[in-house]
Amino acid sequence: MGMTFAEKILAKYSNTKELSPGEIVTVHPDHLLTHDNTAAIIRKIEPELKKYGVYSKSLSVIVLDHVVPAASEKTALNHKLVREFVKEYGIVNFFDVGVGVCHQVVVEMGLALPGKLLLGSDSHTCSYGAVGAFSSGIDRTEAASLLLTGETWLKVPDSVKMMLNGKLSKGVFAKDVVLHIIGDVSASGVNYCSVEYHGDVEQFSVDDRFTICNMGVEMGAKNSVFFVDNITKKYLVSIGVSSSYDAVYSDEDAFYSRELEYNLSDIVPVVACPHTVDNVKPVSEVADVDIQQCLIGTCTNGRLSDFKVAAEILKGKKVHPDVRLLILPASRRIYEDALKKGVIETLIKAGGIVLPPGCGPCLGAHQGVLAPGERCLSTANRNFKGRMGCKEAEIYLASPATVAASALTGRITDPREVM
Amino acid sequence: MRVWRYGDNVNTDMLFPGKYTYTCSTPEEIIPHLLEDLDPSFSKNVKKGDIILAGKNFGCGSSREQPVVGLKAVGVKAVIAESFARIFYRAAINQGLVLIECPQAVKAYREGSEIKVDIDAGEIVVGDKTFTFPRLPREITAIRDAGGLLAYTRKKLEAREKLKE
Ligand code: SF4
């Protein structure tokens with residue numbers, strides 16, 4: 001019997017020949033991602049750190065991104081503590097305020113390579129399947145333990161095969177695909193499973209794959225993956241990855257606990273309505289809903305290709321007077337590229353407000369918090385009640401094209417009407 | 001003992017709002033905000049030994065351990081749900097909070113039913129019906145028995161140190 005991607009990776013990292021779902025193995029991940037929560041993590045283990053030090057200087061990847069620049073004395077103090085820790089223990093991979101959202105930074109800096117295993121104390125760590133890595137989220141205490149010991153346990157998951165067939169129509173994007181799938185399987189539809197994307201995937205850029213893998217956790221997945229192909233290889237060259245890597249592919253005869261098929265040409269622009277990500281409806285069904293804030297960005301859709309699509313729609317136009325349009329680049333590199341290409345200028349001229357690279361309003365801590373009764377249409381990955389800082393506000397999720405089109409009209413709008 | 005009954009997809013923002021995630025991390029800071037956006041009466045009235053009963057996908061969303069730390073600190077005996085989200089499940093193991101996946105028990109519950117949980121025996125009694133749940137693998141109970149992951153890690157580090165000597 002062949003093996004799936006997850007089985008192969010976990011076998012490799014636990015020095016085991018064969019594995020089957022349900023088995024528990026001890027692994028040493030290549031990297032451990034932590035962000036602003038590094039402060040809380042190291043506070044838990046101060047005496048142990050003093051006594052034993054960190055397991056390895058190169059294990060940690062630390063990115064300050066969640067509340068940046070600091071919004072209060074308390075968050076500033078957290079950042080300060082993290083910087084001191086980085087210096088004291090010689091942490092190699094540290095990215096201070098302004099470099100970008102952790103997940104984008106990990107991929108962009110070439111730290112998530114094909115066939116690697118990464119864990120992180122953030123649920124969207126599952127994003128790195130976009131470049132063929134196995135990655136998954138853990139909690140703060142486990143991250144603390146990993147910092148000290150370099151190891152943890154993982155259960156071998158069941159694997160689910162998603163066949164994506166056919167071609168996307170105009171005005172429909174990777175975000176619509178993943179929202180459509182979540183709407184279909186539900187927010188817990190693939191709980192604890194490893195999701196593999198197969199089929200006509202060559203139409204998806206690494207940016208698109210990032211969007212799809214990023215939202216894997218919103219259907220309950222442990223990890224999601226697109227296998228390495230020419231598109232991945234080209235992308236890795238473009239970000240200057242020179243080190244070699246070992247791509248891992250599932251076997252032809254691997255066993256899947258479930259196989260699902262989607263016809264991409266049937267998918268239309270959709271939105272996830274409040275307050276769950278699986279409450280997915282075609283844009284046409286919610287087209288009258290008025291909105292006060294639009295957000296294009298975050299680790300889900302804050303890349304150059306996303307801003308380009310938005311800029312095409314907004315070029316030479318002005319956003320609706322009742323709408324605030326927030327632009328949140330996922331990294332400084334993306335911000336620079338978008339500046340060079342004139343994309344930022346187009347967005348600003350249309351009325352966009354550019355925020356510094358980071359998580360910004362995505363988690364409701366600062367920058368663009370909503371007021372009671374307001375509605376936001378966002379390209380982020382979560383629309384939970386209270387997510388953007390106010391429990392009496394509503395969040396809808398959509399593709400950058402849908403958000404840009406809606407920013408013009410002030411109500412949720414099918415991008416095909418303006419493209 | 002009291003039963004707190006909630007539905008499907010209770011997410012981490014409902015259990016502990018994200019806006020506090022970088023400013024609250026000790027039990028004292030966490031407890032006043034526990035379940036704030038889901039059930040404002042919870043943190044005021046919850047008592048040691050209470051049980052939470054929920055539907056599918058309890059704890060979905062962020063990697064946020066404050067709700068687990070908080071529920072453990074207020075003395076919740078167990079959360080029984082139809083299913084749990086995986087990061088929340090791991091966080092519970094790491095803090096020693098008991099989670100039991102038992103959809104039958106959740107479905108059998110009616111307002112006012114008496115519930116008893118025997119964790120070692122793997123048994124839940126709801127009214128006059130008894131349900132069993134499987135024991136966790138040894139690798140996981142070892143963490144719980146050590147008193148949570150940090151205590152477990154400390155032991156491991158001490159043992160490594162001894163080997164070096
Ligand atoms: S952008 Fe949003 S979803 Fe992404 S890491 Fe930041 S807070 Fe999390």
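# Reading strands, helices and a chain contact

Guide: Start with one pair of residues: in β3(A), Ile62(A) is the bridge partner of Thr34(A). Keep in mind that this is a predicted model.

Visitor: In which sense do β2(A) and strand β3 of chain A pair, and over how many bridges?

Guide: Parallel. Strand β2(A) and strand β3(A), residues 60–63, share 3 bridges. Now look at the other partner, strand β5(A), residues 117–120. β2(A) pairs with β5(A) in the parallel sense too, over 3 bridges. There, Leu119(A) in β5(A) is the bridge partner of Leu32(A).

Visitor: How do I read the faces of a strand?

Guide: The general idea first. Side chains in a regular strand alternate between the two faces of the sheet.

Visitor: Which residues of β2(A) lie on each side, and are they buried or exposed?

Guide: His31(A) and Leu33(A) are on one side of β2(A), residues 31–34. Leu32(A) and Thr34(A) are on the other. All of these are buried, and both faces of the strand are covered.

Visitor: Take Asn93(A). Where does it lie?

Guide: In strand β4(A), residues 93–95. The cut-off for buried is under 20% relative accessible area. Asn93(A) has 14%, so it counts as buried.

Visitor: With which residues beyond its sequence neighbours is Asn93(A) in contact?

Guide: Leave aside those within four places in sequence. What remains is His31(A), Ser58(A), Ser60(A), Val61(A), Ile62(A) and Leu111(A). Two of these names have come up already: His31(A) from β2(A), and Ile62(A), the partner of Thr34(A).

Visitor: On to helices. How many residues of α6(A) are buried?

Guide: 10 of its 10, along residues 140–149. Among them are Arg140(A), Glu142(A), Leu146(A), Leu147(A) and Leu148(A). So read the list for class as well as count: charged names such as Arg140(A) and Glu142(A) are on the buried list of α6(A).

Visitor: What is found at the start of α6(A), and what comes just after?

Guide: At the start, check for a side chain that reaches a backbone nitrogen. A side-chain oxygen of Asp139(A) comes to within 3.4 Å of the backbone nitrogen of Thr141(A). Just after the helix, check phi. Gly150(A) has a positive phi of about 75°.

Visitor: What follows α5(B), and how many residues of α5(B) are buried?

Guide: Gly96(B) follows, with a positive phi near 80°. In α5(B), 9 of the 10 residues are buried, so the helix is largely enclosed by the rest of the structure. The buried residues include Arg86(B), Phe88(B), Arg90(B) and Asn94(B).

Visitor: Which residues other than glycine have a positive phi?

Guide: Two cases to compare. Asn15(A) has phi near 55°. Asn57(B) has phi near 65°. Asn15(A) is in the loop between α1(A), residues 5–13, and β1(A), residues 24–27. Asn57(B) is in the loop between β2(B), residues 51–54, and α4(B), residues 66–73.

Visitor: Are Asn15(A) and Asn57(B) buried or exposed?

Guide: Asn15(A) is exposed, at 75% relative accessibility. Asn57(B) is buried, with a relative accessible area of 1%.

Visitor: Where are the cis peptide bonds?

Guide: Read omega. Val68(A) and Pro69(A) are joined by a cis bond with omega about -20°. Pro69(A) sits in the loop between β3(A) and α4(A), residues 73–89. The bond from Pro274(A) to His275(A) is cis as well, with omega near -10°. His275(A) is in the loop between β12(A), residues 270–272, and β13(A), residues 280–282.

Visitor: Last topic: the chain contact. How many residues does each chain give?

Guide: Chain B gives 44 residues and chain A gives 48. The two chains bury about 4000 Å² between them, with 53% of it on carbon and sulfur atoms. Tyr22(B), Arg86(B) and Arg90(B) supply 22% of the area chain B buries against chain A, more than any other three residues.

Visitor: How many salt bridges and polar pairs cross the interface?

Guide: The rule finds 8 salt bridges. One of them joins Lys44(A) and Glu65(B), with the closest N and O atoms 2.4 Å apart. On the chain B side, the elements giving two or more residues are α5(B), α7(B) and α8(B). α8(B) gives the most, with 9 residues. By class, that side has 13 nonpolar, 15 polar and 16 charged residues.

Conventions
Residues are numbered from 1 along each chain as its sequence is written. Chains are lettered from A and ligands numbered from 1 in the order in which they are written. This is a predicted model: local features need pLDDT of at least 70, side-chain atom pairs count only at pLDDT 80 or more; totals for chains, interfaces and linings use all residues. Side-chain values use heavy atoms; hydrogens and water are left out. Contact means heavy atoms within 4.5 Å. Buried area is the accessible area (1.4 Å probe) that two parts lose on being put together, summed over both. A salt bridge is a side-chain nitrogen of Lys or Arg within 4 Å of a carboxyl oxygen of Asp or Glu. Helices (H or I, at least four residues) and strands (E, at least two) are DSSP runs, numbered from the N terminus. Buried means under 20% relative accessible area, exposed over 50%, partly exposed in between (1.4 Å probe, protein chains only). Two strands pair if DSSP finds at least two bridges between them. A polar contact is a pair of N or O atoms within 3.5 Å; within protein, one must be able to donate a hydrogen and the other to accept it, and residues adjacent in sequence count only if both atoms are side-chain atoms.
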